[in-house]
Amino acid sequence: MRIGHGYDVHRFGPGDALVLGGVRIPHERGLVAHSDGDVLIHAICDALLGALGQGDIGHHFPDTDPANAGIDSRLLLRRVMQLVQQAGWMLGNLDATIIAQAPRMAPHIASMREHLAADMAAAVTQVNVKATTTEKLGFTGRQEGIAVHAVVLLQTAGL
Ligand SMILES: [Zn+2]
């Protein structure tokens, strides 16, 4: 087995929606990013790459590369999963925590899990997503941005 951890933050900026786990969530602001700003998927990609011992998402998909501008982060996740599979691993389970004061995540969690499971060639039961506020403390509490922690366990494919 291999374990990996990922952490990502994006700041709020102009916009009318954000994308988390491939789900478009209407909001009074969006997340600033070179890609679609899917901070949940970015943290998951970093956790997977960490478990593989293959660096991080910025190394594999540089934000200086025009090909990555505005890219759907689900494509990045699928590419990272190809690396996982090529190395002989599969997802054991994923646990992710979204840290945000707003918007409310609860109505969207089930859809996020479905998207992530599909992209990771896994069952929904292997993919947990939860959300917490920070009681209005810190940059997430002041609604300056959203942070995500993700932990993955990989297991040998075929077990
Ligand atoms: Zn990111």
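## Burial and overall form

Of the 159 residues in the protein chain, 46% are buried. The structure is a predicted model. Its radius of gyration is 15 Å, which agrees with the value near 15 Å that a compact globule of 159 residues would have. The C-alpha trace spans about 45 × 35 × 25 Å along its principal axes.

The charged side chains number 12 positive and 15 negative, with the centres of the two sets 4 Å apart.

## Secondary structure and contacts

The protein chain holds 5 helices and 7 strands. Read from the N terminus, the order of elements is β-β-β-β-α-α-α-β-α-β-α-β.

## Zinc site

Three residues coordinate the zinc ion at 2.0 to 2.1 Å: Asp 8 through OD, His 10 through NE2 and His 42 through ND1. The spacing of these donor residues in sequence is D-x1-H-x31-H. His 10 belongs to strand S1 (residues 2–13) and His 42 to helix H1 (residues 39–52), so this pair, 32 residues apart, links distant parts of the chain.

## Backbone features in loops

Most peptide bonds are trans, and most residues other than glycine have a negative phi.

The peptide bond from Ala 102 to Pro 103 is cis, with omega near 0°. Pro 103 sits in the loop between strand S5 (89–99) and helix H4 (109–119).

Lys 136 has a positive phi, near 70°. Its loop runs between strand S6 (127–132) and helix H5 (138–141). With a relative accessible area of 62%, Lys 136 is exposed. Gln 143 also has a positive phi, near 60°, and is found in the loop between H5 and strand S7 (145–156). The relative accessible area of Gln 143 is 24%, which makes this residue partly exposed.

Technical notes. Residues are numbered from 1 along each chain as its sequence is written. This is a predicted model: local features need pLDDT of at least 70, side-chain atom pairs count only at pLDDT 80 or more; totals for chains, interfaces and linings use all residues. Side-chain values use heavy atoms; hydrogens and water are left out. Helices (H or I, at least four residues) and strands (E, at least two) are DSSP runs, numbered from the N terminus. The radius of gyration is taken over C-alpha atoms; the globule rule is 2.2 Å times the number of residues to the power 0.38. Buried means under 20% relative accessible area, exposed over 50%, partly exposed in between (1.4 Å probe, protein chains only). Lys and Arg count as positive and Asp and Glu as negative; His and the chain ends are not counted. The place of a charge is taken as NZ of Lys, CZ of Arg, CG of Asp or CD of Glu. Donors are N, O and S atoms within 2.8 Å of the metal (3.2 Å for Na, K and Ca); water is not among the atoms, so sites may look incomplete.
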